[in-house]
Amino acid sequence: MTDPNAQLSRRLDALRVDYVLQLPDRIAELRAAWLAIQRATDADTREGALVQLRRIAHRLVGSGKTFGLPAVSEAAIPIEQLADALLDGDAAAQTTDVGALVEQLARLDFTNIIAEAAPAPAPLRPAPRSARPAPEVVVGLIWLTGLTEDETQYLSTVLQRYGFTVDQLEPDDVPEEIREQRPAAVVAGMDGVKEVVTGERWDDPATPLVVISSDDRIEARLSAVRIGASGFVTRPFSGDQLVDLLDRLLEHADPEPYRVILVEDDDFLAESFSTSLEAENMRVERLADPMKILKVCQSFAPDIIVTDLYLPEADGMEMAQVIRQHGGFDGVPILFVSSETSLNRQMTARRFGADDFLTKPLTSAQLVTAVRSRAIRYRELRRLMDRDSLTGLLNHGRTVARLEREIDRCREAGEPLSVAALDLDHFKRVNDTYGHAAGDRVLRTVSRLFLQRLRGTDAAGRFGGEEFVLVLPSADAEAAFNLLDKLREAFASIEHVFDEHRFSATCSIGLATLRDDDDQTSLLARADAALYQAKQDGRNRIGLE
């Protein structure tokens, strides 16, 4: 199996060679810009040529060191500084021979530069311990180990109801078994953890380890942290408590690829940055023209925008202000990556909308770390804003927006789309009999079923009270009915436990499929009418419209 780190290093090395080969063209552009400045007959033409000179020099300052060629950056710095001084009307700068600075850059021995270039950036991931390919994660598979027989039986029953697959392993078997397959998570009793963990720590960070312990002291929790546990549950515990924890851990363990808009008009830097980000499973949309940023934001829905400070048509600070004016994107983090070293300029960029400022040159690892950390925080913030606080599902407004988007997408792709309105039967009776806390537990349970059993492309939202809406793209009436009927049966089979009470609940569902004359309002109305009919026909069933 090909080592992805070696592939990345080879790709970056190839980019470095290509960069050196195009340097003569960049120097020719500098000469042309300087000649245009000397020949300019009016202030506007001269200013335009100076802006072009600064932009080319700025690219070289940032890209030279990034590609391991510091001599290029050092030779370009005085050209950029002089261009800035001339643009600011500095009289002393008028006497400096820009052409001489350009020729100094041209005299660099490119053959020696590439031979003496700094080594490629360090791999983004540690080298594998062996050539054996890493096992695939089995989605939804939970290993239980080191627990009592009663705990294992109880957790197996609860987890399977929520769509997990459960295997019981003896602690000694875990290190061997994990070579063949990786579970989504491992749940281990504290007494059996030392047998589960190989070496000093749990060595598979992609698979969360949850420790169950009878000791709630900080010493026990610290021991769990030191062996690499992601979660800690104390006895006595409920199955719902563990499922809630697993849901949170698994959501972060295998997130949807972060979406990055990279605004960079230097092709070589754009290729280098996007290669490094894509190697870390991020989706990158490259953009050279900042005038298209709003259109790309609307179609791509970024988690973060990475941009240079100096761009054609509009600089990065102006672009950031435009983005912040738009209500849909005002919270998207903006990360400036530039060779600009002026602290005043960097602070100004932050004041006009930048979240942070990274100075070129930077390694692939530095870029990836900065992008990932900000994308994670943005997704968490967006989740708090877009999600219902009790159930974790989309709120009313985001559900309608998602449905509108899926209608447009499915129509453009010629695919079917189904929508379901779901309501819990006799939910007021649950609240009146067992209390609102028990009712909240039931709402969280059905929401968790949605998250576990719906497809990755589906969306579930809480419309209010005990009513939910499910958006099922690319599903015709038959496929949607089969999916929803299994969900309905699974919910009816769950025994809800609250205090000393045990009870079950059911739900009714209305299903509608997109027609040519539908918009989101009419489609939701038809699903709601089908739900009403299902309740009229006796509840705990699916109505079709």
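A residue is called buried when its relative accessible area is under 20%, exposed when over 50%, and partly exposed in between, using a 1.4 Å probe and protein chains only. By that definition, Phe450 and Phe468 are both buried. The model is predicted, so local features need pLDDT of at least 70 and side-chain atom pairs count only at pLDDT 80 or more, while totals for chains, interfaces and linings use all residues. Residues are numbered from 1 along each chain as its sequence is written, and side-chain values use heavy atoms, with hydrogens and water left out.

Rings of Phe, Tyr and Trp (its six-membered ring) pair if their centres lie within 6.5 Å; planes under 30 degrees apart count as stacked, over 60 as edge-to-face and the rest as tilted. There are five aromatic pairs in the structure. One of them, Tyr434 with Phe503, is stacked, at 4.1 Å centre to centre and 5° between the planes. Tyr434 belongs to helix 17 (residues 427-434) and Phe503 to strand 15 (residues 501-503), so this pair links distant parts of the chain, 69 residues apart. Helices (H or I, at least four residues) and strands (E, at least two) are DSSP runs, numbered from the N terminus. Tyr434 is partly exposed, at 25% relative accessible area, whereas Phe503 is buried, at 8%.

The pair of Phe450 and Phe468 is edge-to-face, because the ring centres are 5.5 Å apart and the planes stand at 75°. Phe450 is in helix 18 (residues 436-453) and Phe468 in strand 13 (residues 467-473), so the pair ties together parts 18 residues apart in sequence.

Elsewhere, one aromatic cluster is formed by Tyr19, Phe67 and Phe268.
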